[in-house]
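Subject: Structure for your review

Dear colleague,

Please find below the structure that I am handing over to you. My findings follow directly after it.

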Amino acid sequence: MLVAAPSAMSITTLQQIANRLAAGECSSVEVTQDYINKINELNKSLGCYITIDAERSLTQARAADARRAAGKAGALTGVPLAHKDIFCAKGWLTTCGSKMLGNFVAPYDAHVVERCDTEGMVTLGKTNMDEFAMGSSNETSHFGPVRNPWDVTRVPGGSSGGSAAAVAAGLAPAATGTDTGGSIRQPAALTGICGLKPTYGLVSRYGMIAFASSLDQAGPMAHTAADLGLLLNVMAGHDPRDSTSLQRPAEDYNRDLEKPLKGLRIGLPREFFGDGMSADVRRATDAAIAEYQKLGAQPVEVSLPNMGLSVPVYYVLAPAEASSNLSRFDGVRYGHRAAEYGDLLDMYKRSRAGGFGAEVKRRILIGTYVLSHGYYDAYYIRAQKLRRLIAQDFAQAFKACDVIMGPTSPTTAFRLGEKSADPVQMYLSDIYTIAVNLAGLPGMSIPCGFGEGGLPVGLQIVGNYFDEARMLNVAHQYQLATDWHRRAPRGVTA
Amino acid sequence: MTLKLDDVRRAAHLARIAIDDTEAEATLAQLDRVFSLIGQMQAVDVSGIEPMAHAQDLMLRLRDDRVTEGNQRELFQSSAPETEAGLYLVPKVIE
């Protein structure tokens, strides 16, 4: 039985697995089989994975062991991970959490999946998610909710809820996620793990089913900052098949992990520390800032005056882009087709009405409306202008500080069903994360304590463009001084 | 601003989503809440500000105009709802 009390049980990191494989203490087949066993034991109660395929995973593991025996292993060869079900993986069912793609077997690999496969990593399965990544609780998935391993009556956050819960429960040592408005950081915070959304353009969107293309960004989810860096080293890199993929020299994101933090200027935006956050989240966040001061960092007050508009701006831009992206699901080339229909128009309408869930349809309708004749300037263009103001606020703030910190989520994990009746309440769960996507900046969440009921609290760290190495340094130094990231839900770690 | 039932029906038609009257009513109530949130945008003066589409000022890359993908019709059509003789089947469009 899973309970809510935090305990000091150990976690397993990518680095530990990589070290054991390199030392010949175990094989990839053994490690993979261990995870498959845990998944078989716990997935039914947690709902982390939509698809597992043990034979496929073990085939990859055997190939990784052979590659190691041939002396050709890379840093993460043979190390298993889980992929969010938004990434196309050749031969794997790739549903994006939707009935629309309930039978879709991807005919090709996403760039991210291709990079992980080339490294020799083992895919454990495809993780559950909010339908088309639209949600903050994982409750919009067609395949049922994911339960938070810290308290199974609560949500894991979303939309990368399956990835987050899988890592928190020890059903994967790490996972990929995607973040359009907070979908890596918020579930990482609610499940007590680490998650990083890189600078927009760092990781290719090729083969990642599109939600809002100007905001979508893939990133790693794991137990430690060092593991995020290891996985980001694999995931990031230029890809000509994504027109927004940036051409930059390869870098080792873990190169600065050991740098001391003396003199680091931490920007604390006034708007992050207002009335919005609950008392327990505030206590944990304040304590984390105090810990950073002990490590030699200096807090600096900064301001993001337009941050309050980020949720309204996002709920124009993201649905607008989604309504366009999701027009491809027409019941003709792939995806759900209604059983009964009349003419072609009727076939489109019934197939889309039956294939999409309520939240996805709601967002398509919002997007269609704001893009429709007569409303385009008042909504879409205005939102794009405000987006620039929000980005400029960050640019101004970064003149006075090196990183920005604040809460990731205004509350700890809420109960299943608690916010599903009112979309606006759900949207406000991302109040601290959305502005970062609008500006295209890198952001991360790391565990920084526990709130009421022993539920994890996440600290958000926002960096300037391309400052991932510094952010990982800042997170790693905190993790050397604290052990919040080492806590696992009682009874879940085998 | 307040949305009307006809706005919901019109958006649903444009989005090619079938919607019955009960659903349209329920959707209207929820979209009203969302649009009152979105309405907060109107309070700010945005004159003289350039719209921002992307975080990075990107130049679209050009590539050589040559074939890079082979024919994978069978593989791609294996996920289609209905095909025949290598074609996607839809209801008759021209009488």
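Predicted model: local features only at pLDDT ≥ 70, side-chain atom pairs only at ≥ 80, totals over all residues.

A:Leu93 sits in a loop of chain A, between strand S3 (80-84) and helix H4 (111-119). Leaving aside residues up to four places away in sequence, A:Leu93 touches A:Thr51, A:Phe104, A:Val105 and A:Lys126.

The division of chain A is the next point. Chain A consists of domain 1 (6-264 + 467-489) and domain 2 (312-379), as divided by the domain assignment. The C-alpha centres of these two domains of chain A are 29 Å apart. Their contact involves 20 residues from domain 1 of chain A and 17 residues from domain 2 of chain A. On the domain 1 side, the residues comprise nine nonpolar, nine polar and two charged.

I turn now to the contact between the chains. Here 54 residues of chain A are in contact with 43 residues of chain B. On the chain A side, the elements giving two or more residues are H9, helix H10 (344-355), H11, helix H12 (376-397) and H13. H12(A) provides the largest share of that side, with 10 residues. By type, the chain A side divides into 31 nonpolar, 11 polar and 12 charged residues.

On chain B, helix H2 (residues 21-38) deserves a description of its own. H2(B) has 18 residues and reaches 25 Å from its first C-alpha to its last, close to the 26 Å expected at 1.5 Å a residue. Its buried residues are B:Thr27, B:Leu31, B:Val34, B:Phe35 and B:Ile38. Seen down the axis of H2(B), these buried residues fall within an arc of 95 degrees, and therefore they line one face of the helix. The face turned away from the buried side carries the exposed residues B:Thr22, B:Glu25 and B:Ala29.

Which helices do the buried residues of H2(B) pack against? In chain A, they pack against helix H9 (310-325), helix H11 (358-371) and helix H13 (423-427). In chain B, they pack against helix H1 (5-14). H9, H11 and H13 of chain A are also among the elements listed above for the side of chain A that touches chain B.

With kind regards

Notes: Residues numbered from 1 in each chain as written. Chains lettered and ligands numbered in written order. Helix = DSSP H or I, 4+ residues; strand = E, 2+ residues; numbered from the N terminus. Contact = placed C-beta atoms within 7 Å. Expected span 1.5 Å × (residues − 1). Buried ≥ 20, exposed ≤ 12 C-beta atoms within 10 Å, placed from the backbone. Arc of directions from axis to C-beta. Nonpolar A, V, L, I, M, F, W, Y, C, P; charged D, E, K, R; others polar. Domains from an automatic or database assignment.
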